[in-house]
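Here is a short report on one protein chain. Look over the sequence and the structure first, then read on.

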Amino acid sequence: MVPAALRVGRSPAAVVLALVRSAGPVTRDRLALHSDLSTATVNRQVHALAGAELIVERPDLVDGGGIGRPKVPLTLNHEGLAVAAMHIGARRTLLAIADLAGRTLPSHAVLTPDGDPVEVIGILADALAELISRFSGRRFLWAGVAVGGDVDETTGAVDHPVLGWRGAPVGAMVNQALGLPVSVCEHVQAMAAAELVLAPPVGGAVPGRSSIYWYARETVGMALTVDGHVQVPRTGAGTVAHVPVRAPLFGPSGIGPSGIGTVGLQQVIGTSALRGAMRRSGSAAESSLVEERARALGEAIATIADVLNPDTVIVAGDAFANHPRGLAPVQAAFDAARHLPHRLELTPTRFGLGVQEAAAVVVALSVIYADPIGSVG
C-alpha cells in the first residue's frame, strides 16, 4: 500500500513529465524554455524518464523542414503503459483502465454487491483483474481505488457506514488480486485532486492558491486544496454531513438538532432522502423538495466559504446538477448567505458525469505523477 499523492509534482522529473503530458509532442529545448529548469537538468530528467519507459522519442514526428540538426519530439508512452482504477460507490462501482495521460480506455459500471465486505471486495477486485486481462500488450504500473467513508491511507482499510464496512481490507485484497502497487483514497479528496492534476486549465487560466471542492450525490463531502496540494489529515477526511441547514420539508418532525426546521446536510442529499421526505410530507411536491435542497446546499457552502475564504469553489454531483434550472438556485442561495463582500462564482466540475471515473484514475496515477522515477524506477 502506498498513500495517494494528491498534489502537483514539484521535483524536476515530475515537472518534465507534466510538461510532456500537457504539451507533447515536445522537444527538449522547448521543455527547458517552458520550465525553470536548465537544459542540462532537462536532459538528465528526459534520460531517466525514458529509461523508466514513461516517455518515448518520436523520430517519426521530426520536422524535416527545419534548420540545423533535427530535434526529436518526446511524448508520453501512451501505447505501452496503463493503470487500473475503481470507484466504489454506495449503489454502483465503476471499473476503468487508463493510459499514462489519464485518458480512459474502457470503463464500465457494475452494481455494488451487498453482503460481507471481504466477499464484496473480492468480487470487485476479480472484475477489475478480468478487465486488465484484456490489455495483455500493456504494462500496468498501478491500481487506484476511490471510495467513500473513512480510509486508512497507509493500510487501505475502509470504514464505510453506508455499506456497513468496518476495517474492510480494500487495499490488501486489490493488491492480492492484481499484483500491482495500490493506493486507496477517500473519493471526494480524489475528485479534488482530479481537478488539480488531470483537468486542463480553462483558457490557460492559472488556478488560485486555494479551493474547496463539494460533492453531493447519495452522500455529501468536501475537500480543501491549498497551493497545489489536496489537504489530507493524518486522521482521515473530515465531514460536512452534520452541518445544520434549514430544510423543514426534509425533517421527520420539522425540528432538527439545532432548532426548528433544521436537519443535518446529509438528510437532504440523495434519492432516499428525497423519497423519504415525499412519503412523510404527503403533500410536498418533488419540485418543492428540490428547491429546498438547492437552498440548503447554497447556504451550507456559503458557511464554509466564509470561514476558509477560498479562491475557487468547485461543485459536482447530482444534487447540484439535477435541478431544472441547473446551478442557478444554489448560486443564488450561496450569494444570499455570504458575509464576505466579494462575489464568488460556484464552478461546476470539468469532468461532468465522469467525475467518479476521474477520481479513481487520479488515485492510480497520483504517485507516478508526483514521483515518476521513484515510483516505477
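Predicted model: local features only at pLDDT ≥ 70, side-chain atom pairs only at ≥ 80, totals over all residues.

## Leu141 and the cores

Setting aside its neighbours within four places in sequence, Leu141 is in contact with Leu54, Leu81, Ala82, Val83, Leu100, Leu180, Pro181, Ile368 and Val376.

Apart from the core described next, there is another core of 33 residues. Val245, Ala300, Ile301 and Phe334 are among them. The largest nonpolar core has 58 residues. Leu141 is one of those with the most contacts inside it, along with Leu31, Leu54, Tyr213 and Ile368. Helix 11 (residues 355-370) gives the most to this core: 13 residues.

Which order do the five strands of the open sheet follow? The order is 5-4-3-6-10, and the pairing is mixed. Strand 5 (104-111) and strand 10 (182-186) are the edge strands. Each of them pairs on one side only. Neighbouring strands of this sheet are turned by 15 degrees against each other on average, direction ignored.

Now take the pairs. Strand 3 (residues 81-88) and strand 4 (residues 92-98) run antiparallel, joined by six bridges. Met86 has Leu95 of strand 4 as its bridge partner. Strand 3 and strand 6 run parallel, with eight bridges between them. Here Met86 stands opposite Val145 in strand 6. Strand 6 also runs parallel to strand 10, through five bridges. In that pair, Ala143 stands opposite Val182 in strand 10. Is strand 6 enclosed or open to the outside? Eight of its nine residues are buried, so strand 6 is largely enclosed by the rest of the structure.

## A buried helix

Why is helix 6 (residues 187-197) described as largely enclosed? Ten of its eleven residues are buried, so the rest of the structure largely encloses helix 6. The buried residues include His187, Gln189 and Glu195.

Look at the start of helix 6. There, a side-chain oxygen of Glu186 reaches to within 3.0 Å of the backbone nitrogen of Val188.

## His160

His160 lies in strand 8 (residues 157-160). Is His160 buried or exposed? His160 is buried, because its relative accessible area is 5% and buried means under 20%. Not counting residues up to four places away in sequence, His160 touches Val147, Gly148, Gly149 and Trp165.

## The whole chain

Now step back. The protein chain has twelve helices and 19 strands. Its C-alpha atoms fill a box of roughly 75 × 50 × 35 Å along the principal axes. For 377 residues, a compact globule would have a radius of gyration near 21 Å. The protein chain has 22 Å, which agrees.

Buried residues make up 49% of the 377 residues. Among contacts with a separation of 6 or more, 68% are between residues 24 or more positions apart.

Definitions and conventions. Residues numbered from 1 in each chain as written. Heavy atoms only, no water. Core = buried A, V, L, I, M, F, W, Y, C linked by side-chain atoms within 4.5 Å. Buried < 20%, exposed > 50% of the residue type's maximum accessible area, 1.4 Å probe, protein only. Helix = DSSP H or I, 4+ residues; strand = E, 2+ residues; numbered from the N terminus. Contact = heavy atoms within 4.5 Å. Polar contact = N/O pair within 3.5 Å; in protein donor to acceptor, adjacent residues only side chain to side chain. Pairing = 2+ DSSP bridges. Axes fitted to C-alpha atoms, helices over the stretch in contact; angles between N-to-C directions. Rg over C-alpha atoms; globule rule 2.2 N^0.38 Å.
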